[in-house]
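Here is a friendly briefing to read alongside the sequence and the coordinates. Please keep the viewer open and follow along topic by topic.

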Protein chains: 2
Amino acid sequence: MDIQEGTLTSPQGYRAVGLSCGIKADSVKDIALIVSDRPASAAGVFTTNIVQAAPVHLNREHLANGTAQAIIVNSGNANACTGEKGMANARHEASLVAESLSIPPEDVLVNSTGVIGVQLPMETVESGIARVLDGLGDGWDDASEAIMTTDTVPKRASTTIEIDGKTVTIAGMAKGSGMIAPNMATMLCFVVTDAGVSPTDLKTSLTSAAQRSFNCVTVDGDMSTNDTILVLANDAAETGPLIGDGLDRFNVALEAVCVSLAKQVARDGEGATKLITIRVVGSPSEDAGRTVGLSVANSSLVKTAVFGRDPNWGRILCAMGYAGVDFNPDNVIVSMAGIPIFADGAGLEFDHDKAVEALGEKDITIDIDLRSGSAESIVYTCDLTYDYVRINAEYTT
Amino acid sequence: MDIQEGTLTSPQGYRAVGLSCGIKADSVKDIALIVSDRPASAAGVFTTNIVQAAPVHLNREHLANGTAQAIIVNSGNANACTGEKGMANARHEASLVAESLSIPPEDVLVNSTGVIGVQLPMETVESGIARVLDGLGDGWDDASEAIMTTDTVPKRASTTIEIDGKTVTIAGMAKGSGMIAPNMATMLCFVVTDAGVSPTDLKTSLTSAAQRSFNCVTVDGDMSTNDTILVLANDAAETGPLIGDGLDRFNVALEAVCVSLAKQVARDGEGATKLITIRVVGSPSEDAGRTVGLSVANSSLVKTAVFGRDPNWGRILCAMGYAGVDFNPDNVIVSMAGIPIFADGAGLEFDHDKAVEALGEKDITIDIDLRSGSAESIVYTCDLTYDYVRINAEYTT
């Protein structure tokens with residue numbers, strides 16, 4: 001699968017824009033709009049935190065009919081945990097966008113990310129919505145910058161495949177650095193495609209892709225109140241609703257775009273110096289392997305060890321052991337940066353200097369073979385550094 | 001309950017000793033022995049990690065008959081994850097102690113903490129065992145120092161109460177700084193009492209006390225492979241097996257000693273500058289409240305916020321929300337350092353400077369009222385600091 005990162009290829013029948021409207025200081029881009037030129041199948045996956053921001057509640061409502069046409073996003077303010085007024089503000093945003101585009105408000109999906117506990121500055125947002133409506137065009141790069149908070153780089157991925165003789169493009173952007181950053185919230189991801197997919201199939205496709213991408217990423221184990229992944233499929237490529245093999249191929253491509261974005265999020269984790277990929281093979285099920293992988297990925301001791309270039313199998317074994325998955329520690333094989341470090345219930349002899357050197361790379365893989373099945377899972381995280389503490393220990397003022 | 005911390009009052013009929021035998025460098029104390037002058041009721045609570053060190057397996061075996069008389073401990077080497085040879089070494093330690101004391105090997109409990117993945121230096125351990133057997137006496141302070149690894153202070157607590165006209169003393173020591181420290185493992189706790197308690201009741205008493213003390217403490221969420229709490233009750237106070245009100249009063253005192261030691265462990269967490277006490281009231285059950293409290297206590301974002309003196313209710317609410325306990329976020333009240341910061345689904349107005357000042361104290365309380373029941377729970381943790389990263393990111397070499 002050829003995945004384009006860095007820049008996006010726009011699918012047919014969509015326009016995008018991103019600009020600064022004044023929610024953030026210093027003319028930093030803070031509002032984005034993505035519009036399909038026709039109603040599109042739409043699906044969403046949201047945080048399972050029981051504390052949920054107003055836009056998440058609204059989007060669930062608006063996705064009930066499986067159709068949407070516009071995604072409006074602001075950064076700089078998360079509209080989170082704010083009760084009725086937050087809901088009213090989110091609804092008002094949808095109305096403004098809908099009115100200008102002459103579409104139903106239910107076809108507008110609303111997203112906010114940034115400071116929590118402060119109401120949206122609605123006058124600023126209103127003038128921003130007026131301006132993004134005027135600016136719609138090929139502004140994918142601007143849009144993916146406008147959704148950033150503590151991100152240090154925009155996250156973009158797209159791919160183009162042939163399905164039944166038609167050229168189909170899938171393009172996505174994401175933001176997220178801490179699962180929730182210093183008074184900022186949210187991992188957001190927006191994917192658009194010109195393929196035709198029924199709303200029901202699209203929901204299934206997205207849920208499966210999310211499970212193998214964003215649900216396999218952890219920066220600090222803190223699940224945000226705003227996490228949102230949205231996908232639109234407008235059939236501008238005239239595939240008609242995909243079925244069978246065509247749908248399968250679409251699903252593979254959608255998952256690949258989501259995995260690319262998820263890895264970009266992990267690599268840009270707060271304070272991170274390294275992307276850590278944890279591959280668990282030989283597990284009884286994909287879920288079991290993912291649980292073991294996430295337990296290792298969430299271990300502060302493993303993450304600091306990778307930061308410190310320490311080939312510390314003890315911390316990895318320990319985190320595997322409390323994952324709640326049954327396996328025999330004496331059968332497990334663990335490698336770090338390609339170097340086998342644990343097998344047969346004991347640490348292996350290895351060249352320590354060589355291991356420290358290998359752990360100096362920016363991409364570190366931890367390979368775990370549970371030797372109790374044939375399923376495979378991959379999860380992504382980053383190292384835990386002084387900068388993570390610095391970023392998150394700074395005063396809110 | 002009058003709890004003595006810092007020094008221990010020895011219960012009747014026990015001797016203790018701690019000294020340096022050369023497992024650690026620089027003549028740092030590294031071996032300890034506690035002996036009851038008669039067979040005592042004995043109970044243990046151990047890590048639920050499926051990766052367990054050899055001494056944990058051995059102690060389960062030796063506690064099967066509910067009786068023990070000696071506790072041998074070394075620091076500097078955890079005898080962890082080392083298969084059959086680790087088991088053989090632990091058994092050999094028990095035999096050496098048993099032979100010298102003329103007691104059955106099954107009455108000796110063996111504990112190790114320190115570097116993992118390296119076999120015990122048995123010659124050194126053997127000479128150490130010979131020397132501690134000679135040194136038995138009133139060496140409680142030395143013993144509690146000899147079990148330390150990355151701890152910066154020894155943890156000691158004792159209390160004396162009257163039961164049925166008899167004076168009963170309960171004394172305990174603990175070690176632990178990270179749940180597992182840099183290549184070190186283990187939280188260990190040893191409690192001895194001269195009360196009489198049947199083995200069955202003692203197991204129930206200890207399990208309950210552990211649930212409200214050590215199971216309510218987290219430093220970094222990493223559960224060690226060696227965690228062990230042992231209690232001996234030798235009836236030197238001649239209470240006979242306690243029942244009814246006497247047993248209830250013993251249980252309260254045992255829990256208080258364990259809570260004191262658990263708080264001392266949290267306060268001395270790796271890199272910690274603050275003890276954080278999280279009180280959850282108004283929950284549907286004690287377990288539900290503990291789950292919510294531990295979710296907050298394990299949040300890296302909450303722990304860095306406390307380090308940074310940041311009255312950040314958003315991170316607290318967020319961590320509560322993914323605890324897996326059902327509550328209504330709009331009903332919750334949250335205070336930090338005595339200052340109400342969240343109620344009615346929104347942040348409250350408060351004097352930010354005053355809050356930052358209050359968060360400068362060494363003891364920080366987070367009060368959470370779920371307003372959905374009447375149960376209360378308390379958990380303990382510490383802040384997450386640069387020093388935690390430093391301590392855990394250093395090379396193993």
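In this predicted model, helix α5 (residues 199-211) of chain B and helix α6 (residues 244-267) of chain B have axes that come within 9 Å and cross at roughly 40 degrees. An angle under 35 degrees would count as roughly parallel and one of 65 to 115 as roughly perpendicular, so α5(B) and α6(B) are oblique to each other. The crossing in which α5(B) passes α6(B) is right-handed.

**The α5/α6 contact in chain B**

- On the α5(B) side, the contact is made by D201(B), S205(B), S208(B), A209(B) and A210(B).
- On the α6(B) side, the partners are L247(B), F250(B), N251(B), L254(B), E255(B) and C258(B).
- Sorted by class, the residues of this contact between α5(B) and α6(B) are 6 nonpolar, 3 polar and 2 charged.

**The α1/α2 pair in chain B**

- Helix α1 (residues 54-62) of chain B and helix α2 (residues 83-101) of chain B bring their axes within 8 Å, at a crossing angle of roughly 55 degrees.
- That angle makes α1(B) oblique to α2(B), and α1(B) passes α2(B) in a right-handed crossing.
- From α1(B), the residues A54(B), P55(B), H57(B) and L58(B) take part, and they meet G86(B), M87(B), A90(B), R91(B) and A94(B) of α2(B).
- The class count for the contact of α1(B) with α2(B) is 6 nonpolar, 2 polar and 1 charged residues.

**The α1/α2 pair in chain A**

- In chain A, the axes of helix α1 (residues 54-62) and helix α2 (residues 83-101) cross at roughly 55 degrees and come within 8 Å.
- Here α1(A) is therefore oblique to α2(A), and the crossing of α1(A) and α2(A) is right-handed.
- The contact draws on A54(A), P55(A), H57(A) and L58(A) of α1(A), together with G86(A), M87(A), A90(A), R91(A) and A94(A) of α2(A).
- Its residues divide into 6 nonpolar, 2 polar and 1 charged.

**Domains of chain A**

- Chain A is divided into domain 1 (4-267) and domain 2 (275-393).
- Taken over C-alpha atoms, the centres of domain 1 of chain A and domain 2 of chain A are 32 Å apart.
- The two domains meet through 12 residues of domain 1 of chain A and 12 residues of domain 2 of chain A.
- On the domain 1 side of that contact in chain A, the residues comprise 6 nonpolar, 4 polar and 2 charged.

- A236(A) sits in the loop between β9 (228-233) and α6 (244-267) of chain A.
- Is A236(A) buried or exposed? A236(A) is buried, because 21 other C-beta atoms lie within 10 Å and 20 or more are enough to count as buried.
- Leaving aside residues up to four places away in sequence, A236(A) touches P11(A), Q12(A), G13(A) and D194(A).
- Y388(A) is 152 residues from A236(A) along the chain, and their C-alpha atoms are separated by 43 Å.
- V118(A) belongs to the loop between β5 (108-115) and α3 (122-135) of chain A.
- With 16 C-beta neighbours inside 10 Å, V118(A) counts as partly exposed.
- V118(A) and G86(A) are 32 residues apart in sequence, and the C-alpha to C-alpha separation is 9.3 Å. G86(A) is also one of the α2(A) residues in the contact with α1(A).

**Positive phi values**

- As background for this topic, most residues other than glycine have a negative phi.
- D344(A) has a phi near 55 degrees, a positive value in a residue other than glycine.
- D344(A) lies in the loop between β12 (339-343) and β13 (346-347) of chain A, and D344(A) is exposed, with 11 other C-beta atoms within 10 Å.
- D26(B) is not a glycine either, yet has a positive phi of about 60 degrees.
- Where is D26(B) found? D26(B) is in the loop between β2 (14-19) and β3 (31-46) of chain B.
- D26(B) is exposed because 5 other C-beta atoms lie within 10 Å, and 12 or fewer count as exposed.

How values were computed: Residues numbered from 1 in each chain as written. Chains lettered and ligands numbered in written order. Predicted model: local features only at pLDDT ≥ 70, side-chain atom pairs only at ≥ 80, totals over all residues. Domains from an automatic or database assignment. Contact = placed C-beta atoms within 7 Å. Nonpolar A, V, L, I, M, F, W, Y, C, P; charged D, E, K, R; others polar. Helix = DSSP H or I, 4+ residues; strand = E, 2+ residues; numbered from the N terminus. Axes fitted to C-alpha atoms, helices over the stretch in contact; angles between N-to-C directions. Parallel < 35°, antiparallel > 145°, perpendicular 65-115°, else oblique. Left-handed = near helix turned anticlockwise from the far one by under 90°.
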